[in-house]
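Try each task before reading its solution.

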Amino acid sequence: MTPEGERLQKVLARAGVGSRRAIEELITAGRIRVNGRRAELGVRVDPTKDEVEVDGSRVPLDTDLVHFVLNKPEGVIVTADDPHGRNTALELVDTEHRVWTVGRLDAGTEGVLLVTNDGALTQALTHPSREIPKTYVAHVGGTIPNKALDLLARGVELDDGPTAPATVKALQKGPQGSLVEITITEGRNRQVRRMFEAVGYPVKRLVRTSVATVSLGRLRPGTFRRLGLEEVRSLYRACGL
Ligand code: URA
């Protein structure tokens, strides 16, 4: 709490929590904490330093922070600059802010790619110890047997070690091909492709449908949208921030 800071109501209203009046009610009801202590009416905060929680979850106050979800199309690469002149994922996100991607997707993989300038969130989402769930739908040839699905779920041996248990569900099975939904909590290079190769069913198409609490929804390939305050807050919660 900072005597020369801004009024808490003003800061929270700007962050999108609600009207100043609604925020005053939250303060009176004891639902807001500043740096872990119950906030009183009239308190001032420094949005760049103080930590404010509403109902126990942190509210990002720095309005310069932006968070987007991009539906990365197939063939678009994720690195900042491609020597072969291919399109990069960041070129698809139209923003004034200096942003980066949270982790990577292979050029051939489609789907959810988070793009932000939020360093703390990026670190938390990509740190292996947080075990952030990432869900993919893999298209493979032929009828994938239950034995292969069990192996994927229990963990398969890759050249960089065994994979952690995964959640695996066949969405469709048939001689024309199978669709398998798999949720992993690791993020090794080409992991999903390598897992399916290891069980004898190489992936023909791979779509990431969610990362933590952010799903693809109806976002068309090549388009992006800015996450709303509630979505950002649930991402913070998902990675323990
Ligand atoms: N696993 C893969 O094989 N590729 C990706 O892009 C992401 C996860």
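**Exercise 1.** What share of the contacts in the chain with a separation of 6 or more comes from residues 24 or more positions apart?

*Solution.* This is a predicted model. Take the contacts with a separation of 6 or more; residues 24 or more positions apart account for 64% of them.

**Exercise 2.** How many helices and strands does the chain have?

*Solution.* The secondary structure comes to six helices and 17 strands. The C-alpha trace spans about 65 × 40 × 30 Å along its principal axes.

**Exercise 3.** Find the aromatic pair and classify its geometry.

*Solution.* Step one: the count comes to one aromatic pair. Step two: F68 and F224 form it, with 5.6 Å centre to centre and 80° between the planes. Step three: planes over 60 degrees apart count as edge-to-face, so this pair is edge-to-face.
F68 lies in strand β7 (residues 67–72) and F224 in strand β17 (residues 224–226), so the pair ties together parts 156 residues apart in sequence.

**Exercise 4.** Is F68 buried or exposed?

*Solution.* The cut-off for buried is under 20% relative accessible area. F68 has 5% relative accessibility, so F68 counts as buried. Across the chain, buried residues make up 44% of the 241 residues.

**Exercise 5.** How many positive and negative side chains does the chain have?

*Solution.* There are 35 positive and 31 negative side chains. The centres of the two sets lie 4 Å apart.

Methods
Residues numbered from 1 in each chain as written. Predicted model: local features only at pLDDT ≥ 70, side-chain atom pairs only at ≥ 80, totals over all residues. Heavy atoms only, no water. Phe/Tyr/Trp six-rings, centres within 6.5 Å; stacked < 30°, edge-to-face > 60°. Helix = DSSP H or I, 4+ residues; strand = E, 2+ residues; numbered from the N terminus. Buried < 20%, exposed > 50% of the residue type's maximum accessible area, 1.4 Å probe, protein only. Contact = heavy atoms within 4.5 Å. Lys, Arg positive; Asp, Glu negative; His and termini not counted. Charge placed at Lys NZ, Arg CZ, Asp CG, Glu CD.
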